[in-house]
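Me: I am new to reading protein models, and I would like to go through one slowly with you. Could we take a few features in turn, with the general idea before the case?

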Amino acid sequence: MNHEVAVTGLGVVAPHGDEPGALFQALLQGRSAIQPVFPELPKPAAAATVAFDETRWFTKLQLAGVDRVSQLAVAAADLAMRDAGLAVSDADPERVGVFSGCGMGGAAALEAAYRGNGRVSPLTIPAFMPNAPAAHVAMRQGVKGPVLTYSVACASSSVAIAEAAKAVQRGEVDIAIAGGSEALIVPGVVVAWQAMQTLAGFQPGEAATAVKPFATDRSGFALGEGAAFLVLESAERARARGARSHATLAGWGLSSDATHLTKPDAPGQARALRAALRLAGLQPRDVGYCNAHGTATRIGDVVERNALADVWGDDLDTLRVSSTKALHGHMLGAAGAIEAIVTVMALQQRQLPPNANCREIDPECRLDLVTQDDTAAPSLEAAISNSFAFGGTNSVLLFRRA
(Lines give C-alpha, C1' and ligand atoms only; values in the text may rest on other atoms or scores of the structure.)
Protein backbone atom coordinates (compact mmCIF):
# COMPACT_ATOMS: atom_id res chain seq x y z
CA MET A 1 0.00 0.00 0.00
CA ASN A 2 1.31 3.44 -0.93
CA HIS A 3 0.53 6.15 1.61
CA GLU A 4 0.00 9.83 0.82
CA VAL A 5 2.88 11.77 2.40
CA ALA A 6 1.90 14.73 4.58
CA VAL A 7 4.26 17.48 5.76
CA THR A 8 3.22 18.04 9.38
CA GLY A 9 6.26 19.85 10.79
CA LEU A 10 8.60 22.62 9.64
CA GLY A 11 11.77 23.64 11.46
CA VAL A 12 14.42 26.08 10.31
CA VAL A 13 17.53 27.80 11.64
CA ALA A 14 18.49 30.25 8.93
CA PRO A 15 20.10 33.64 8.31
CA HIS A 16 16.58 35.17 8.52
CA GLY A 17 15.78 33.51 11.86
CA ASP A 18 14.30 30.31 13.23
CA GLU A 19 10.60 30.78 12.48
CA PRO A 20 9.30 29.68 9.05
CA GLY A 21 6.71 32.48 8.87
CA ALA A 22 9.27 35.18 9.66
CA LEU A 23 11.71 33.67 7.14
CA PHE A 24 9.04 33.69 4.45
CA GLN A 25 8.00 37.28 5.18
CA ALA A 26 11.64 38.39 4.92
CA LEU A 27 11.90 36.72 1.51
CA LEU A 28 8.60 38.24 0.32
CA GLN A 29 9.99 41.66 1.25
CA GLY A 30 13.24 40.96 -0.59
CA ARG A 31 15.40 41.33 2.53
CA SER A 32 18.90 40.03 1.92
CA ALA A 33 20.91 38.34 4.68
CA ILE A 34 24.12 38.38 2.64
CA GLN A 35 26.87 40.57 4.08
CA PRO A 36 30.68 40.88 3.95
CA VAL A 37 32.73 38.30 5.88
CA PHE A 38 36.42 37.81 6.67
CA PRO A 39 37.87 41.22 5.77
CA GLU A 40 41.33 39.72 6.31
CA LEU A 41 41.05 37.64 3.11
CA PRO A 42 42.91 38.90 0.00
CA LYS A 43 39.66 39.04 -2.03
CA PRO A 44 36.34 40.45 -0.74
CA ALA A 45 33.94 37.75 0.44
CA ALA A 46 30.25 37.74 1.39
CA ALA A 47 28.00 35.14 3.01
CA ALA A 48 24.71 34.73 4.86
CA THR A 49 25.32 33.63 8.45
CA VAL A 50 23.02 32.57 11.29
CA ALA A 51 22.77 34.43 14.60
CA PHE A 52 22.60 31.22 16.62
CA ASP A 53 22.48 30.90 20.39
CA GLU A 54 23.67 27.36 21.01
CA THR A 55 22.91 27.64 24.75
CA ARG A 56 19.20 27.35 23.89
CA TRP A 57 19.87 23.76 22.80
CA PHE A 58 23.05 22.59 24.54
CA THR A 59 24.76 22.80 27.91
CA LYS A 60 28.46 23.67 27.91
CA LEU A 61 29.25 20.02 28.63
CA GLN A 62 27.09 18.80 25.73
CA LEU A 63 28.87 21.11 23.28
CA ALA A 64 32.21 19.27 23.51
CA GLY A 65 32.97 17.86 20.08
CA VAL A 66 29.70 19.06 18.52
CA ASP A 67 30.43 21.13 15.41
CA ARG A 68 28.21 24.04 14.45
CA VAL A 69 26.75 21.98 11.58
CA SER A 70 25.36 19.49 14.10
CA GLN A 71 24.21 22.20 16.51
CA LEU A 72 22.11 23.81 13.77
CA ALA A 73 20.68 20.42 12.78
CA VAL A 74 19.63 19.53 16.34
CA ALA A 75 17.88 22.88 16.70
CA ALA A 76 16.04 22.76 13.36
CA ALA A 77 14.92 19.15 13.84
CA ASP A 78 13.68 19.93 17.34
CA LEU A 79 11.70 22.91 16.04
CA ALA A 80 10.19 20.73 13.30
CA MET A 81 9.06 18.10 15.81
CA ARG A 82 7.56 20.80 18.03
CA ASP A 83 5.74 22.28 15.05
CA ALA A 84 4.34 18.82 14.26
CA GLY A 85 3.18 18.44 17.87
CA LEU A 86 5.18 15.24 18.10
CA ALA A 87 7.67 13.44 20.28
CA VAL A 88 9.37 10.21 19.23
CA SER A 89 7.68 8.59 22.26
CA ASP A 90 4.35 9.14 20.44
CA ALA A 91 5.40 6.32 18.11
CA ASP A 92 7.52 3.19 18.18
CA PRO A 93 11.05 4.69 18.17
CA GLU A 94 12.14 1.88 15.85
CA ARG A 95 9.61 3.18 13.28
CA VAL A 96 10.94 6.73 13.31
CA GLY A 97 13.77 7.70 10.95
CA VAL A 98 16.19 10.56 10.42
CA PHE A 99 17.05 11.32 6.79
CA SER A 100 19.60 14.13 6.70
CA GLY A 101 21.63 15.84 4.00
CA CYS A 102 25.06 17.36 4.56
CA GLY A 103 27.49 18.32 1.82
CA MET A 104 30.71 19.09 3.64
CA GLY A 105 30.42 18.13 7.31
CA GLY A 106 31.99 19.99 10.21
CA ALA A 107 34.00 22.69 8.48
CA ALA A 108 34.69 24.62 11.69
CA ALA A 109 36.25 21.56 13.36
CA LEU A 110 38.48 20.92 10.37
CA GLU A 111 39.50 24.59 10.11
CA ALA A 112 40.38 24.65 13.82
CA ALA A 113 42.54 21.54 13.39
CA TYR A 114 44.43 23.04 10.45
CA ARG A 115 44.99 26.34 12.22
CA GLY A 116 45.72 24.94 15.67
CA ASN A 117 49.53 25.20 15.47
CA GLY A 118 49.87 21.49 16.14
CA ARG A 119 47.13 21.34 18.78
CA VAL A 120 44.30 19.20 17.42
CA SER A 121 41.24 18.29 19.46
CA PRO A 122 40.80 14.52 19.91
CA LEU A 123 37.14 15.10 19.02
CA THR A 124 37.94 16.54 15.57
CA ILE A 125 36.98 13.40 13.63
CA PRO A 126 33.54 12.86 15.25
CA ALA A 127 32.89 16.60 14.98
CA PHE A 128 33.55 16.91 11.25
CA MET A 129 32.21 13.60 9.91
CA PRO A 130 29.28 14.34 7.57
CA ASN A 131 26.90 11.94 9.36
CA ALA A 132 27.39 13.65 12.73
CA PRO A 133 24.34 15.97 12.29
CA ALA A 134 21.99 13.03 11.66
CA ALA A 135 23.47 11.12 14.60
CA HIS A 136 23.06 14.08 16.96
CA VAL A 137 19.45 14.58 15.84
CA ALA A 138 18.77 10.89 16.48
CA MET A 139 20.34 11.01 19.93
CA ARG A 140 18.47 14.18 20.89
CA GLN A 141 15.12 12.82 19.69
CA GLY A 142 15.60 9.19 20.71
CA VAL A 143 15.23 7.84 17.17
CA LYS A 144 15.97 4.11 16.86
CA GLY A 145 14.93 3.49 13.26
CA PRO A 146 16.99 4.28 10.15
CA VAL A 147 19.38 7.22 10.62
CA LEU A 148 20.82 8.04 7.22
CA THR A 149 23.02 10.76 5.74
CA TYR A 150 22.97 11.79 2.08
CA SER A 151 26.04 13.67 0.90
CA VAL A 152 25.17 14.76 -2.62
CA ALA A 153 26.61 18.29 -2.74
CA CYS A 154 23.83 20.87 -3.09
CA ALA A 155 21.13 18.25 -3.66
CA SER A 156 21.88 16.54 -0.32
CA SER A 157 18.85 17.56 1.73
CA SER A 158 16.45 17.43 -1.23
CA VAL A 159 17.54 13.83 -1.83
CA ALA A 160 17.16 13.13 1.90
CA ILE A 161 13.57 14.41 1.83
CA ALA A 162 12.77 12.33 -1.25
CA GLU A 163 14.21 9.19 0.36
CA ALA A 164 12.28 9.90 3.56
CA ALA A 165 9.07 10.29 1.57
CA LYS A 166 9.65 6.88 -0.05
CA ALA A 167 10.05 5.30 3.40
CA VAL A 168 6.79 6.89 4.62
CA GLN A 169 4.96 6.06 1.40
CA ARG A 170 5.94 2.39 1.64
CA GLY A 171 5.13 2.15 5.34
CA GLU A 172 8.76 1.50 6.33
CA VAL A 173 8.62 4.28 8.94
CA ASP A 174 5.72 6.04 10.67
CA ILE A 175 7.55 9.36 11.12
CA ALA A 176 10.47 10.77 9.14
CA ILE A 177 12.55 13.73 10.28
CA ALA A 178 13.99 14.85 6.95
CA GLY A 179 16.18 17.76 5.92
CA GLY A 180 19.76 18.87 6.23
CA SER A 181 22.34 21.25 7.59
CA GLU A 182 25.49 23.05 6.49
CA ALA A 183 27.88 25.36 8.33
CA LEU A 184 30.95 26.12 6.26
CA ILE A 185 31.46 29.86 6.61
CA VAL A 186 35.12 29.58 7.56
CA PRO A 187 38.04 31.24 5.75
CA GLY A 188 39.48 28.05 4.23
CA VAL A 189 36.19 27.00 2.64
CA VAL A 190 35.41 30.49 1.35
CA VAL A 191 38.85 30.77 -0.28
CA ALA A 192 38.35 27.34 -1.90
CA TRP A 193 35.04 28.43 -3.43
CA GLN A 194 36.63 31.70 -4.59
CA ALA A 195 39.29 29.64 -6.36
CA MET A 196 36.51 27.89 -8.33
CA GLN A 197 35.33 31.32 -9.52
CA THR A 198 31.70 30.52 -8.67
CA LEU A 199 31.16 33.19 -6.01
CA ALA A 200 29.59 36.53 -6.88
CA GLY A 201 31.82 39.58 -7.13
CA PHE A 202 30.69 42.87 -5.61
CA GLN A 203 31.76 46.44 -4.95
CA PRO A 204 32.09 47.85 -1.40
CA GLY A 205 28.65 48.34 0.12
CA GLU A 206 26.94 46.09 -2.44
CA ALA A 207 27.31 42.64 -0.86
CA ALA A 208 23.57 42.37 -0.06
CA THR A 209 22.63 42.60 -3.75
CA ALA A 210 25.59 40.66 -5.18
CA VAL A 211 23.64 37.52 -6.14
CA LYS A 212 21.49 38.07 -9.26
CA PRO A 213 19.80 34.88 -10.49
CA PHE A 214 18.89 34.87 -14.20
CA ALA A 215 20.13 38.46 -14.66
CA THR A 216 22.35 39.64 -17.50
CA ASP A 217 24.95 40.84 -14.99
CA ARG A 218 24.97 37.76 -12.72
CA SER A 219 28.38 36.54 -11.55
CA GLY A 220 27.72 33.68 -9.10
CA PHE A 221 26.36 32.91 -5.66
CA ALA A 222 27.17 33.69 -2.03
CA LEU A 223 27.51 30.92 0.53
CA GLY A 224 24.96 30.57 3.31
CA GLU A 225 24.68 28.44 6.42
CA GLY A 226 21.74 26.95 8.25
CA ALA A 227 19.57 23.91 8.80
CA ALA A 228 16.01 22.96 7.89
CA PHE A 229 13.93 19.87 8.61
CA LEU A 230 10.46 18.66 7.68
CA VAL A 231 8.44 16.07 9.56
CA LEU A 232 6.80 13.63 7.16
CA GLU A 233 4.13 11.08 8.02
CA SER A 234 1.27 9.39 6.23
CA ALA A 235 -1.84 11.52 5.68
CA GLU A 236 -3.88 8.83 7.45
CA ARG A 237 -1.67 8.99 10.53
CA ALA A 238 -1.76 12.78 10.54
CA ARG A 239 -5.56 12.82 10.32
CA ALA A 240 -5.89 10.20 13.04
CA ARG A 241 -3.96 12.34 15.52
CA GLY A 242 -5.65 15.58 14.41
CA ALA A 243 -2.44 17.07 13.06
CA ARG A 244 -2.26 20.05 10.73
CA SER A 245 -0.81 19.27 7.32
CA HIS A 246 1.27 22.07 5.83
CA ALA A 247 1.29 20.42 2.39
CA THR A 248 1.40 17.07 0.63
CA LEU A 249 4.70 15.86 -0.80
CA ALA A 250 3.13 14.41 -3.92
CA GLY A 251 6.12 13.70 -6.15
CA TRP A 252 9.88 13.58 -6.36
CA GLY A 253 12.34 12.92 -9.13
CA LEU A 254 15.98 11.88 -9.01
CA SER A 255 18.35 11.60 -11.95
CA SER A 256 22.01 11.69 -12.85
CA ASP A 257 23.53 13.69 -15.70
CA ALA A 258 26.41 11.22 -16.06
CA THR A 259 28.24 13.81 -18.15
CA HIS A 260 30.45 16.13 -16.06
CA LEU A 261 31.36 16.64 -12.40
CA THR A 262 30.61 20.37 -12.24
CA LYS A 263 28.89 21.36 -15.50
CA PRO A 264 25.08 20.87 -15.36
CA ASP A 265 23.10 19.12 -18.09
CA ALA A 266 19.58 20.14 -19.19
CA PRO A 267 18.44 16.64 -20.30
CA GLY A 268 19.44 15.23 -16.91
CA GLN A 269 17.51 17.94 -15.07
CA ALA A 270 14.51 17.42 -17.35
CA ARG A 271 14.46 13.71 -16.45
CA ALA A 272 14.15 14.57 -12.75
CA LEU A 273 11.40 17.12 -13.46
CA ARG A 274 9.41 14.61 -15.51
CA ALA A 275 9.82 11.91 -12.85
CA ALA A 276 8.40 14.21 -10.15
CA LEU A 277 5.42 15.14 -12.34
CA ARG A 278 4.79 11.51 -13.27
CA LEU A 279 4.81 10.34 -9.64
CA ALA A 280 2.42 13.14 -8.65
CA GLY A 281 0.14 12.38 -11.60
CA LEU A 282 0.31 15.99 -12.78
CA GLN A 283 0.87 17.79 -16.06
CA PRO A 284 3.39 20.67 -16.24
CA ARG A 285 0.56 23.23 -16.52
CA ASP A 286 -0.78 22.02 -13.13
CA VAL A 287 2.34 23.38 -11.37
CA GLY A 288 2.24 27.13 -10.83
CA TYR A 289 5.55 27.89 -9.11
CA CYS A 290 9.16 26.72 -9.25
CA ASN A 291 11.64 27.55 -6.51
CA ALA A 292 14.61 27.32 -8.85
CA HIS A 293 18.07 26.02 -8.06
CA GLY A 294 19.11 29.38 -9.53
CA THR A 295 22.71 29.78 -8.40
CA ALA A 296 23.27 32.89 -10.57
CA THR A 297 26.20 31.25 -12.36
CA ARG A 298 26.69 32.01 -16.04
CA ILE A 299 26.11 28.43 -17.20
CA GLY A 300 23.85 27.00 -14.49
CA ASP A 301 20.95 29.43 -14.87
CA VAL A 302 20.73 28.91 -18.64
CA VAL A 303 20.81 25.12 -18.30
CA GLU A 304 18.03 25.17 -15.68
CA ARG A 305 15.91 27.43 -17.86
CA ASN A 306 16.39 25.09 -20.81
CA ALA A 307 15.39 22.07 -18.72
CA LEU A 308 12.19 23.82 -17.60
CA ALA A 309 11.47 24.90 -21.18
CA ASP A 310 11.96 21.34 -22.41
CA VAL A 311 9.45 19.92 -19.91
CA TRP A 312 6.90 22.75 -19.84
CA GLY A 313 7.00 23.44 -23.56
CA ASP A 314 4.18 25.78 -24.63
CA ASP A 315 3.08 26.05 -20.98
CA LEU A 316 6.36 27.62 -19.81
CA ASP A 317 4.72 31.03 -19.47
CA THR A 318 2.27 29.59 -16.91
CA LEU A 319 5.13 28.69 -14.54
CA ARG A 320 6.29 31.44 -12.19
CA VAL A 321 9.91 31.12 -11.09
CA SER A 322 12.24 32.59 -8.48
CA SER A 323 15.52 31.70 -6.80
CA THR A 324 15.64 32.64 -3.13
CA LYS A 325 19.41 32.04 -2.95
CA ALA A 326 19.77 35.72 -3.80
CA LEU A 327 18.53 36.47 -0.26
CA HIS A 328 19.55 33.58 2.03
CA GLY A 329 22.68 32.44 0.20
CA HIS A 330 23.53 28.99 -1.14
CA MET A 331 23.45 26.58 1.80
CA LEU A 332 24.79 23.62 -0.24
CA GLY A 333 23.77 20.55 1.79
CA ALA A 334 20.91 22.43 3.49
CA ALA A 335 19.74 24.29 0.38
CA GLY A 336 17.16 21.73 -0.73
CA ALA A 337 15.54 21.60 2.71
CA ILE A 338 15.25 25.34 3.30
CA GLU A 339 13.96 25.83 -0.24
CA ALA A 340 11.45 23.01 0.30
CA ILE A 341 10.14 24.90 3.34
CA VAL A 342 9.93 28.11 1.29
CA THR A 343 7.98 26.21 -1.39
CA VAL A 344 5.56 24.80 1.20
CA MET A 345 5.06 28.30 2.65
CA ALA A 346 4.35 29.65 -0.84
CA LEU A 347 1.61 27.05 -1.27
CA GLN A 348 0.17 27.74 2.17
CA GLN A 349 0.05 31.51 1.79
CA ARG A 350 -0.46 31.56 -1.99
CA GLN A 351 2.29 34.14 -2.25
CA LEU A 352 5.59 33.79 -4.08
CA PRO A 353 9.00 35.09 -2.99
CA PRO A 354 10.47 37.44 -5.60
CA ASN A 355 13.52 36.74 -7.74
CA ALA A 356 15.67 39.46 -6.22
CA ASN A 357 18.31 41.69 -7.81
CA CYS A 358 17.39 40.93 -11.42
CA ARG A 359 17.06 44.32 -13.09
CA GLU A 360 17.44 42.90 -16.61
CA ILE A 361 16.77 39.25 -17.38
CA ASP A 362 19.29 37.43 -19.57
CA PRO A 363 17.54 36.67 -22.90
CA GLU A 364 18.86 33.11 -22.60
CA CYS A 365 17.05 32.79 -19.24
CA ARG A 366 13.61 33.87 -20.42
CA LEU A 367 11.19 32.82 -17.67
CA ASP A 368 8.19 34.34 -15.87
CA LEU A 369 10.26 35.55 -12.93
CA VAL A 370 8.40 36.65 -9.80
CA THR A 371 8.84 40.38 -9.20
CA GLN A 372 8.68 42.30 -5.93
CA ASP A 373 5.37 43.96 -6.86
CA ASP A 374 3.63 40.79 -8.11
CA THR A 375 3.90 38.08 -5.47
CA ALA A 376 0.24 37.02 -5.20
CA ALA A 377 -0.66 33.55 -6.49
CA PRO A 378 -4.35 33.15 -5.55
CA SER A 379 -4.90 29.91 -7.48
CA LEU A 380 -1.63 28.14 -6.65
CA GLU A 381 -2.22 24.40 -6.08
CA ALA A 382 1.16 22.77 -6.77
CA ALA A 383 4.80 23.87 -6.72
CA ILE A 384 8.25 22.39 -7.23
CA SER A 385 11.66 22.91 -5.68
CA ASN A 386 14.75 22.17 -7.80
CA SER A 387 18.16 21.09 -6.49
CA PHE A 388 20.88 20.34 -9.05
CA ALA A 389 24.24 19.27 -7.64
CA PHE A 390 27.91 19.04 -8.48
CA GLY A 391 28.44 15.41 -9.40
CA GLY A 392 25.44 15.57 -11.72
CA THR A 393 22.70 14.52 -9.31
CA ASN A 394 19.34 16.23 -9.87
CA SER A 395 16.55 16.24 -7.30
CA VAL A 396 13.07 17.73 -7.70
CA LEU A 397 10.41 17.85 -4.96
CA LEU A 398 6.77 18.48 -5.90
CA PHE A 399 4.35 19.71 -3.24
CA ARG A 400 0.59 20.07 -3.42
CA ARG A 401 -1.50 22.39 -1.31
CA ALA A 402 -2.95 20.61 1.73
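Predicted model: local features only at pLDDT ≥ 70, side-chain atom pairs only at ≥ 80, totals over all residues.

Me: Which way do the residues of strand β3 point, and are they buried or exposed?

Reply: Strands are DSSP runs (E, at least two residues), numbered from the N terminus, as helices are (H or I, at least four), and buried means under 20% relative accessible area, with a 1.4 Å probe and protein chains only. In strand β3 (residues 45–48), Ala 45 and Ala 47 point one way and Ala 46 and Ala 48 the other way, and all are buried.

Me: Which strands does β3 pair with?

Reply: Two strands pair if DSSP finds at least two bridges between them. Strand β2 (residues 34–37) runs antiparallel to β3 and is joined to it by 4 bridges, with Gln 35 opposite Ala 47. Strand β7 (residues 223–224) runs parallel to β3, with 2 bridges, and there the bridge partner of Ala 47 is Leu 223.

Me: How should I read the largest pocket, and which residues are closest to its centre?

Reply: On a 1 Å grid over the protein atoms alone, a pocket is an open set of points where a 1.4 Å probe fits, with protein on both sides within 12 Å along at least five of seven lines, and lining residues have an atom within 4 Å of a point. The largest pocket holds about 800 Å³ of space, counted as the space filled by probe spheres set on the points, which are joined across faces, edges and corners. Its lining has 45 residues, and Thr 198, Phe 221, Thr 295, Thr 297 and Phe 390 are the closest to its centre. Helix α10 (298–312) gives the most to this lining, with 5 residues.

Me: Which residues touch the most other members of the largest nonpolar core?

Reply: In soluble globular proteins, nonpolar side chains tend to be buried together. A nonpolar core is a set of buried Ala, Val, Leu, Ile, Met, Phe, Trp, Tyr and Cys residues joined through side-chain atoms within 4.5 Å. Of the 82 residues in the largest one, Ile 161, Leu 223, Leu 230, Leu 232, Leu 249 and Phe 399 touch the most other members. Helix α12 (residues 335–349) gives the most to this core, with 10 residues.

How values were computed: Residues numbered from 1 in each chain as written. Heavy atoms only, no water. Buried < 20%, exposed > 50% of the residue type's maximum accessible area, 1.4 Å probe, protein only.
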